[in-house]
Amino acid sequence: MLRYIFFRLLQTVVVIVALSFFCYLLLNLMPGDPVEILIQSNPKMTPEDIQRLRELYGLDRSIWEKYSAWIGDILKGDLGYSRTYRVPVSEILLPRLGNTFILSLSALLLSLFIAIPLGILAALRVNTKVDYLIGLFSFGGISTPSFWLGLMLIIIFGVQLKWFPASGTYSIENPDNWLGRIPYLVLPTLTLSYLSVGRFIRFTRSSMLEALKNDYIRTAIAKGLPRTKVIWKHAFRNALLSLITMVTLSFSGVFSGATITETVFAYQGVGKLVYDSILGNDFNVAMVSFMISVSMVLLFSLIADLLYSLADPRIRLH
Amino acid sequence: MVQSYWRVVWEELKEHRAAVIGLGVVLTFIVIGLFAPIISQLFNISPYQQNPLQRYQPPWSTTELPLSERVLLVEQFMETHPEEARNINGMLHSLDPVKYQTTEENLLRWIEQSYDEMLKDLQGLPPKQQELLQRPIVSRIKTFHLLGTDELGRDVFMRLIFGTRVSLGVALLVAISSSLIGLLIGSLAGYYGGWLDHILMRITDSLLSLPLMPVLIVVSALSFEKLPILQMFSQGNWESIIKLILILVLFSWMTVAKLVRAEVLSLRERDFILAAKTMGARDFFIIMRHVFPNVMAPLLVAVTLGVGESIQFEAALSFLGLGVQQPTPSWGNMLFNAQEFITEAPLLALIPGLLILTVTISFNYIGDGLQEALNPKSFKR
C-alpha cells in the first residue's frame, strides 16, 4: 500500500512537471508581452530602452532558460510578481482562493444535498413519473449553459425582483463583514450547483440501481427484511462506494474556480482571476493558478483511489 | 424472426420516448441549419443587414432602413443590373420631371423619400420594372422582424437561423472528428499494449487533468501565426470557426480514447480475435474487421453526448468573446453581445440560451436512449 502511494505520488509529480512545461509553452505563445504593452503606452521609448527592458524582464532568453528560471523560483517559494497588479502573486491569489473555496464548497454541498436524495428516489421509483421528472431536472442541469443560467438569474432576481445583488463579491462599504457576503453568494452558488446537480443525480441513480440489482438484495427481501432496512443497509451502503469516488473527484474543483460562472457574476475568485490574467497577459498569476488546479485534480484522483480501496476491501491496489 | 443488429437497436430506441422527441428536435434544427440560406432568400432578409437607427427593436416590429443603407442597396442593384438601372432612371424622369429633373441617378433620388412616396412612384412604373425593384430594394427597405433586432439593428430571427448552422456545424464536426481521433488512439493503445499504451494513456490522463476552461481560453487567445503548420488555417472569414474546431477537437478526444481502449482490451482476449490471428490475419485487418464493429456501439453514444458538450463549449468560448467572431452569428456570440443590455433587451439573451439548452438536452436524451438500446441485456427478442 505505501509502495503504491509512493509510486503514485512520484508519477503525479512527473505529470505535474510535464504539464507545467506544457502550460508554460502555451502561455509563451500568447500574443504580446509586457514590454509591447509598455511600448504602446509610451511612444517615446527608444530601441535601447526596449532592449534594456527585455533583458530586465528576461524576455530575450530562450524558452528553456525562462522555464528553468521560473521553476527554480517556484521551488524557492517565490511565486513571482503579478504584471497587472504589481504585487506578489501570493498576495492576490490567497484571498481569491478563499473566495473560490467558499463559493465552490457551498455549491458542492448544496448540489450533493439535493442530488443524493433525488437520485435515490429516482432509483427506487424507476420508470415511473417521479423518475422521469427527476430525469428531466437532471438532464436540464447537464444541458444548461452556465453563463446563460447566470444571466437569467441576474435578470430575474438581480434586476427585476432586486432580491440579491446582481454581481460582485462583497459590499464596498464593509468588505470585512462576512455575513454581508451571503447575498452575493446566493446566485452564483445556485448557478454552479444546478450544473453539477444533474451529473450527481444521474450518478447516484445509476449506482443505486446497480446496487439494487444484486442477488443479496433479492435474498434480503425474500427473507422478509423491512424495506427501509434493505434500502439503507444493503443497497445504499454499496451505492455509497461509487459516490465516494464522485464526491472526492468533485472536491478537486474546489480551488480551481469556475471560470465562466465567476466571470458572469464578477465574483472575485480564482476562475475570474485566471480569465483576467490570461487576457491581460499576467503570466505568473496564470501559471500559478494553473498549477494549483492541475495539482488538485491529480491529488484528488489519488485520494479517490485510496478511499475506494479503503471502503471496499475487495479492491487491492498494486 | 431474424433481425439485423441495428434493426433491433432502432426498435429499442423507439421505445424511449424522450430520445425519439430529441431525435425529432435535432433533425429539425439540422434541416434549419442546412437550409439557412434558402430561408433567408424566402423571407428576403439578410442576417448581416445592419440598421443603426433601429437597434433593440422588440419582437413583431417593422423597421425602415436609413438612407445610408438604402444607397448601398441601390448601388448594388446598379452594379448587377446596369442596363435596367439606366432604363428605370429614364422612366422615373418621364414619370415626374419636376422631382427627377435629369435622366441620371434617379434611383438615388427615389430612395431619399419616405417609404410611402417611394411606393407611389413605383406604382407609376411598368409591372416588369416594379417586379425588378421589389426584391432587391423595396422589400428590403421595410422589413418585418419576427424576433426584433439586435445591437446593430440586425434581424434576430435570421441570425438565430444562421447561428444554428454555425453552432450545430461546429459541434457535429468536433464530436465526429474527436471521436475518430479517440478511436484511433484508443484502439492503438488497447490493441498493442506495452510502452505504446503507457505513453498514450499518460498523455490522455494528463490532458484530462488540465483545467479545461482556462486552457481553452489560452489556446483560443493564441495567434496561430506563431505556429507555422497552422498558418494555412488562419486566413479568410472562416478563421475563427476553424480555429475553434481545432481547439475543441484537440481537447475532447480523451474520454473516447479511454472508452475505446477499455473495450479493445476486453476484445483482445476473445476467441474470435485469437482465431483471426491464428489464421494469419494482419493487425490492420483484425482492427478494421473485428475490433471496430464491436466498439461502434459505445462510440455512437460517445459521439451523441459529445455533440451536446461541444455545443456548450462553443457557446461558452464565444460567450467569452474568444470563439466564433462577428459578423458570423453563433448562439454563443449572440449571447455575448446580449449581455451588455440584458435589462433593456432580455429577450436577446433568453432565446439563444433556450436554443442551446433545447439542442443539448435533445442530444443528451438521444445518447441516453442509445445507451439503453445498445445494451444487449435490454434486448427483447
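Helices (H or I, at least four residues) and strands (E, at least two) are, throughout this talk, DSSP runs numbered from the N terminus. On that definition, chain A has 13 helices and zero strands. Good morning, colleagues.

The model is a predicted one: local features need pLDDT of at least 70, side-chain atom pairs count only at pLDDT 80 or more, and totals for chains, interfaces and linings use all residues. Residues are numbered from 1 along each chain as its sequence is written, chains are lettered from A and ligands numbered from 1 in the order in which they are written, and side-chain values use heavy atoms, with hydrogens and water left out.

I begin with chain A as a whole. Its C-alpha trace spans about 90 × 60 × 30 Å along the principal axes. Of its 318 residues, 45% count as buried, where buried means under 20% relative accessible area, exposed over 50%, and partly exposed in between (1.4 Å probe, protein chains only). A contact is defined by heavy atoms within 4.5 Å. Among the contacts in chain A between residues at least 6 apart in sequence, 73% join residues at least 24 apart.

Next, the domains of chain A. The assignment gives domain 1 (2-75) and domain 2 (90-311); such bounds come from an automatic or database domain assignment. The centres of domain 1 and domain 2 of chain A, taken over C-alpha atoms, are 33 Å apart. Domain 1 of chain A brings 20 residues to the contact and domain 2 of chain A brings 16 residues.

How much area is buried between domain 1 and domain 2 of chain A? The figure is about 1600 Å², with carbon and sulfur atoms giving 79%. Buried area here is the accessible area (1.4 Å probe) that two parts lose on being put together, summed over both. Arg8(A), Leu27(A) and Trp70(A) supply 33% of the area that domain 1 of chain A buries against domain 2 of chain A, more than any other three residues.

The rule finds one salt bridge across this domain interface, a salt bridge being a side-chain nitrogen of Lys or Arg within 4 Å of a carboxyl oxygen of Asp or Glu. The side chains of Arg8(A) and Asp305(A) meet in a salt bridge, at 2.7 Å from N to O. On the side of domain 1 of chain A that touches domain 2 of chain A, the elements giving two or more residues are α1 (2-28) and α4 (63-75) of chain A. Of these, α1(A) gives the most, with 13 residues. That side of domain 1 of chain A divides into 14 nonpolar, four polar and two charged residues. For this division, Ala, Val, Leu, Ile, Met, Phe, Trp, Tyr, Cys and Pro count as nonpolar, Asp, Glu, Lys and Arg as charged, and the others, Gly among them, as polar.

I turn to the interface of the two chains. Chain B and chain A bury about 3400 Å² between them, 79% of it on carbon and sulfur atoms. The contact draws 40 residues from chain A and 38 residues from chain B.

Which residues form a salt bridge here? Asp368(B) pairs with Arg202(A), and their closest N and O atoms are 2.8 Å apart. On the side of chain B that touches chain A, the elements giving two or more residues are α10 (194-209), α11 (212-221), α15 (283-319) and α17 (346-374) of chain B. The largest share, 12 residues, comes from α17(B). The residues on that side of chain B comprise 26 nonpolar, nine polar and three charged.

One helix of chain A deserves a separate word. Helix α12 (residues 270-279) of chain A is mostly covered, with eight of its 10 residues buried. Those buried residues include Val270(A), Leu273(A), Tyr275(A) and Ile278(A), and Lys272(A) is also among them. The buried residues of α12(A) pack against α5 (89-124), α11 (259-264) and α13 (283-311) of chain A, together with α11 of chain B. Asn281(A), whose phi is positive, near 60 degrees, follows α12(A).

Thr143(B) lies in strand β2 (residues 142-145) of chain B. Is Thr143(B) buried or exposed? Thr143(B) counts as buried because its relative accessible area is 11%. Leaving aside neighbours within four places in sequence, Thr143(B) is in contact with Ile45(B), Ser61(B), Thr62(B) and Thr63(B). Thank you.
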